[in-house]
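Reader: Before I rely on any of the labels used for this chain, I would like each one set against its cut-off. Can we go through them in turn?

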Amino acid sequence: MTDPARRALANALADLRQSGAYRSFATLRRDAAAFPRAIWEGPNGPHEIVVWCANDYLGMGRHPDVIAAMKETADASGVGAGGTRNISGTSAAIVDLESELADLHGKEAALVFTSGYVANQTGIATIAKLLPDCLIISDSENHNSMIAGVRGAGREKAIFRHNDLADLERILAASPRERHKLIVFESVYSMDGDVSPIHAVCDLAAKYGALTYIDEVHAVGLYGDRGGGYAEEVGAMARLDIIQGTLGKAFGCMGGYIAGDTVIIDAVRSHAHGFIFTTALPPPLAAAAAASVRHLKASGAERAQHRARVAATKAALAARRLPVMATPTHIVPVMVGDPRACKAATDRLLERHGVYVQPINYPTVPRGTERLRLTPSPLHDEAMIAALAEALDETWSALGLPRAEPGGRLAAE
């Protein structure tokens, strides 16, 4: 490496450290039987901790049916995919998984990618590229993967204010009806925990002749009678053109996907470089994900217990006047508002209290809105919730962090 290149990279890292946004990873040894407990390999040796920031929202990564499906398929097929989907990588397991996902969302077909990020980045870009003169209309709070897909399309784009239907209609009305238009938005927004007005967006799409692409990453498995996501919860799945989801969160595995009409899915399958030129999801992972999807289609017990634990966590923190952002979903943001304070809080929680939660800083959230993002699961019991509330209370007092005002209003508002 040249000296100028080394200095430039070192300066970029120094800037991150100075701002408080440098990311440190905690090494964990997970124990399926003890989830959400794990062992943290800290600087002073291993310590038992409770994980409060996992995206395995329902603990399905340790479900016996999911593990059994992975083991059985690994024993039969080996652990690798063997190639891209076009070159020996289209296993029976992945075809079965795509069938399960299409059925989950009431769509004709589905296509599996190696991650939810790739599904968005590749799916959005490919669809928009295949639609001549397509205008992409994107919610201002969309995930980085969606932004990458919009940029990768190379089409004209317009950004509407978050969940602002009037602003969305203004953009739609300014474009000729015959022009191709693609509205991209999320159902559950992962940092603020708010939801989109899906039916109203679909009404506008129908009025102005636009396609709809929704990201259900933080909703699939968790909402709806069969875990089809927030669109299923509100009865809107059939109105959406493309539904994107992940297998790495509530389903507890790995991978991403899109679901829609056969012509849409086949067009992406046939043109998407991020699909064509990458190794397929290995059969054991595909089988495990399919087992998880099947289980959550039939069982609502995990979703019911999850909601109860989320409600209990929110109530316990509110009782101590901790600055919890009110959300209608399972996301529990605890506001801090400063990156250094955020990192100090998470360090103290981990080292003193055995509570593991990562700081959420810029660019994941805007500067000045740094936070802790808690994700209760059905397996966080009452004792864990009480210990979390006590740990946060002590940390807030020790660091002099702002509390919520009486009545629950955030002091920073």
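Author: Some ground rules come before the labels. This is a predicted model, in which local features need pLDDT of at least 70 and side-chain atom pairs count only at pLDDT 80 or more, while totals for chains, interfaces and linings use all residues. Residues are numbered from 1 along each chain as its sequence is written, and side-chain values use heavy atoms, with hydrogens and water left out.

Reader: Why is the chain called as compact as a globular protein of its length?

Author: The chain has 15 helices and 14 strands, where helices (H or I, at least four residues) and strands (E, at least two) are DSSP runs numbered from the N terminus. Its radius of gyration is 22 Å, close to the 22 Å from the globule rule for 413 residues, so the chain is as compact as a globular protein of that length. The radius is taken over C-alpha atoms, and the rule is 2.2 Å times the number of residues to the power 0.38. Along the principal axes, the C-alpha trace spans about 60 × 55 × 55 Å.

Reader: How many of the residues are buried, and what does the word require?

Author: Buried means under 20% relative accessible area, exposed means over 50%, and partly exposed is in between (1.4 Å probe, protein chains only). By that cut-off, 53% of the 413 residues are buried.

Reader: What makes strand 9 largely enclosed?

Author: Five of the five residues of strand 9 (residues 242-246) are buried, so the strand is largely enclosed by the rest of the structure. Ile242, Gln244 and Thr246 point one way, Ile243 and Gly245 point the other way, and all are buried.

Reader: How do you know that strand 9 pairs with strand 8 and with strand 10?

Author: Two strands pair if DSSP finds at least two bridges between them. Strand 8 and strand 9 have three bridges and run parallel, with Gln244 as the bridge partner of Asp215. Strand 9 and strand 10 (residues 256-260) have five bridges in the antiparallel sense, and there Thr246 stands opposite Gly256. Both pairs therefore meet the requirement of at least two bridges.

Reader: Why are strand 1 and strand 12 said to stand at the edges?

Author: They belong to an open sheet of four strands, in the order 1-2-3-12, with mixed pairing. Strand 1 and strand 12 (355-356) each have a single partner strand, so one side of each is left without a neighbour in the sheet. Strand 1 is joined to strand 2 (residues 37-42) by three bridges, and the two run antiparallel. Within that pairing, Ile39 in strand 2 is the bridge partner of Arg29.

Reader: What makes Glu48 and Arg37 a salt bridge?

Author: The term requires a side-chain nitrogen of Lys or Arg within 4 Å of a carboxyl oxygen of Asp or Glu. For Glu48 and Arg37 the N to O distance is 3.5 Å, so the pair qualifies under the 4 Å limit. Glu48 counts as exposed at 52% relative accessibility, whereas Arg37 is partly exposed at 32%.

Reader: Which parts of the chain does the salt bridge of Arg226 with Asp103 tie together?

Author: The closest N and O atoms of Arg226 and Asp103 are 3.0 Å apart. Arg226 lies in the loop between strand 8 and helix 9 (230-233) and Asp103 in helix 4 (residues 92-105), so the pair ties together parts 123 residues apart in sequence. Arg226, at 28% relative accessibility, counts as partly exposed, and so does Asp103 at 40%.

Reader: How do you know that Glu233 and Arg307 link distant parts of the chain?

Author: Their side chains meet in a salt bridge at 3.3 Å, N to O. Glu233 is in helix 9 and Arg307 in helix 13 (residues 301-319), 74 residues apart. Glu233 is partly exposed at 37% relative accessibility, as is Arg307 at 39%.

Reader: How many salt bridges are found in the whole structure?

Author: The search finds 23.
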